[in-house]
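Please look over the sequence and the fold shown here before turning to the notes that follow.

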Amino acid sequence: MERKRLASEAAARWMLGTCLCLLLGAPVVCALQGPLLLPPDDTGPENASWESQETHNNESSEHTVFFSLDYQHVQVPFEITLWIMLASLAKIAFHLYNKLPSVVPESCLLIFVGLIMGGIIYGLNDKSPPVMDSDIFFLYLLPPIVLDAGYFMPSRPFFENIGTILLYAVVGTIWNVFGIGFSLYGICQVKSFHLQDISLLHNLLFGSLIAAVDPVAVLSVFEEIHVNEKLHILVFGESLLNDAVSVVLYKLFRSFCEMSTIKTVDVFAGIGKFFVVGIGGVLVGLLFGMIAAFTTRFTKNIRVIEPLFVFLYSYLSYLTAEMFHLSGIVAIIACAMGMKRYVEANISLKSHTTIKYFMKMWSSVSDTLIFIFLGVSTIGDNHEWSWSYICFTIIFCLIWRALGVLVLTFFVNRLHVNTVTSKDQFIIAYGGLRGAICFSLVFLLPEFPRKKLFIAATTVVILFTVFVQGMTIRPLVDLLDVKRKRESAPTVGEQIHIRFLDHLLAGIEDISGHWGQYYWKDKLEYFNSKYLQKFLLREYDQPKSSIVLLYEKLERKHAIELVEAGQLIHEPSHTSLLDSHRSTVVVKESDSMNPDVLENIQKILSRNLYRIRRTVPAYNRHNLPGESGTAEQAKEILILRHRSLRVHMNRSDSDHSRKEKDDSYSAHHRFETKPKLCRSLTVRDPEKVPDLKCSRSKSMTFSSPLQPGSTELLKEEETEKRSLAEIEIYTKER
Amino acid sequence: MGSRASTLLRDEEIEEIKKETGFSHSQITRLYSRFTSLDKGENGTLREDQVNFRGFMRTLAHFRPIEDNEKSKDQNGPEPLNSRSNKLHFAFRLYDLDKDDKISRDELLQVLRMMVGVNISDEQLGSIADRTIQEADQDGDSAISFTEFVKVLEKVDVEQKMSIRFLH
């Protein structure tokens, strides 16, 4: 049976491989017909000749033709679809071989496929393959990715680290731009490199486009290496927000290139422009987000088109920002983050699922296409090679990024509460990948003699960062980790106690108010509940019925959870049965622990200990929230808590008097329940209805205290209704 | 919502708390506003079980990071609440449910059960607990006393691990 199944698997894979190869041929044919991405005018005269030939044929034959080929009619959509199909099939092919994505990040493989395609086209056509048009990239390919990133951005870690992120994005990018620009200018002064015709301004222009870290590349590499949440959000957030800075600098230097004299007024205007671009982008995004939320308030009767509004408004915000030369990326992120909370409260569950899936799909397709086009566009006559310039560009990019991260982290660690460790710093510096944004920007440069050199340099830097840094970052992360562990060689006891302390700390941090940013969050929540929600949420003006609805929803969810709990317990996994059998036998035989058993224990612990909130990344690029293992973990903890709640409710009366004696011990427990209790639904208090909506919208922020704090919470008595509310908040988060 | 409550805290009280816990004035004020926003019933305590603000601060004081200037200062006075030993004592008390200054096998099992998923059977958990006690136990009483607990964690940077940097 096994062999048959394996054989059929292998057969299926071969079939897919052949399909892929055939499909590879199709775009080649298309390319031979005429370059896809040139403006359609070029195919005009060809069209005319084709048609005249056809009519000529028709006149000569004078029969009705059963079968005819009219390729020109469908050329553009046909080719686009073929490219997308190629991209998607390539993706399937990669994931069939399980080992491959773990060694080589997907982006590298996609660029590789693009290179092959480009090579084929170049070889057959003997001229450059279609170059990725900057307009297509900026208007069509980039927005879905950024929208996806912004919509699923875990807002709590993002806003907790916003200071650090902004610092890296703004100051770090400026540092990089000027550093790279000036040092390259210094290199250009050296006579032996024959580069003296590149002026300082050109170097700064080049620096401004090469210094920006690219969100697309960073996302695709980082989601595979599973760093902790804080680090992920730092690099990710930085790559998204530095768009504002790099756009301003790029446009500024470009306009300087065209101006004959530069006055200091212009420089100050540039600095002012940066604020305009950034803050303007945020405002445009928020405006569209609010309008979107408002629109969804009225979509109750036409549920089907609800997802469309989300996409339309986000895209509009992007285009509007680009129209005013503001930062489109920042706008779309602000729009997505702003509208998410209200839209999700207003739309139906099915629309919600649709939005999630469509976003993931579009961003995935865009992502793949970008990398393939990057590969295709590399091949061609666009390049002018200069060893010195290119090598020094790479070196300076690395050096300045490392320096920038070091200096900025020094300041961050002194001023800020969360420290960035040196290992994190290394990852941040090394994870500064450049990608398609630089590539498109370089093609947008005005024509001047050295443009091809810049294109070549940009291409090499991108390929270097994606291939070399992308592939080696994962082993480096593992290496750094492993080294630390080996130094201490923790005992089982240490491991347990350390994990225990982690849980404890996470709970205390929540109690003491999210490191002091509670104040602003509180203010925002107050503003939110008083004004925004009345305006933007549909069901706000019917408080009574929503209590009833919510209560029914909770009861339903409770019933489902109980049934699932039954399922979970009656199905022990086979491995654990085997393991337990073996280990208990061994323990009974000898007093001292064998190394076998010890290894078993270590394995069990590493696999099964609940990961604390801080180390689990809440956001994963290719999975929807709620589908990863952390959701299972949350559910399990909840079910466990339920069971022991019932047990404790029976025991609580007898224990109550004893517990009251303990001061610090019980005090600790008491106020760990409090955040949950305050924020949870208290069904009996109708006047606390504003809190009701608060709790739902705060679910992102306050449900997480429930998770690690739960270890201590189990010792407390609770009422049924509060635990029901917990479920609601839990499932709302997930 | 939160900041308006700071007027309810008297200055003498703040001074007392400052001496006892080592927090600064602004930290205490901010934690007080946090306390009042947690305290929905507005009766000065959290839940009905009378944990007042002093108790709250005392517990949080354990998690204050150890600053360098404190280490050399006060050798004669009472040990500050955030010393390494007191931090470990706090953690120890969480394990030790029956307050007998020993972590017995059952207490350890309870904590382990909370931290680990449902896939682990009781026997496996039992053997893990046994191993933990065996590693730590030096006086052979099959339980972990406070000194043994400290010894287990001697290589761990508890000062850093059990600290939250409260903003000034």
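Predicted model: local features only at pLDDT ≥ 70, side-chain atom pairs only at ≥ 80, totals over all residues.

**Helix α7 of chain B**

Residues are numbered from 1 along each chain as its sequence is written, chains are lettered from A and ligands numbered from 1 in the order in which they are written, and side-chain values use heavy atoms, without hydrogens and water.

- Helix α7 covers residues 122-136 of chain B, and its 15 residues reach 21 Å from first to last C-alpha, close to the 21 Å expected at 1.5 Å a residue, where the expected span is 1.5 Å times one less than the number of residues.

**Chain B overall**

- Chain B comes to nine helices and two strands, taken as DSSP runs (H or I of at least four residues for helices, E of at least two for strands) and numbered from the N terminus.
- Of the 168 residues of chain B, 49% are buried.

**Helix packing in chain A**

- Helix α3 (residues 71-96) and helix α15 (residues 349-378) of chain A pack at an angle of about 100°, with axes 9 Å apart, the axes being lines fitted to C-alpha atoms over the stretch in contact and the angles running from 0 to 180 degrees between N-to-C directions.
- α3(A) is therefore roughly perpendicular to α15(A), a term for angles of 65 to 115 degrees.
- The contact (heavy atoms within 4.5 Å) involves Trp83(A), Ile84(A), Ala87(A) and Lys91(A) of α3(A), and residues of α15(A) including Leu369(A) and Phe373(A).

Methods:
Buried < 20%, exposed > 50% of the residue type's maximum accessible area, 1.4 Å probe, protein only. Parallel < 35°, antiparallel > 145°, perpendicular 65-115°, else oblique.
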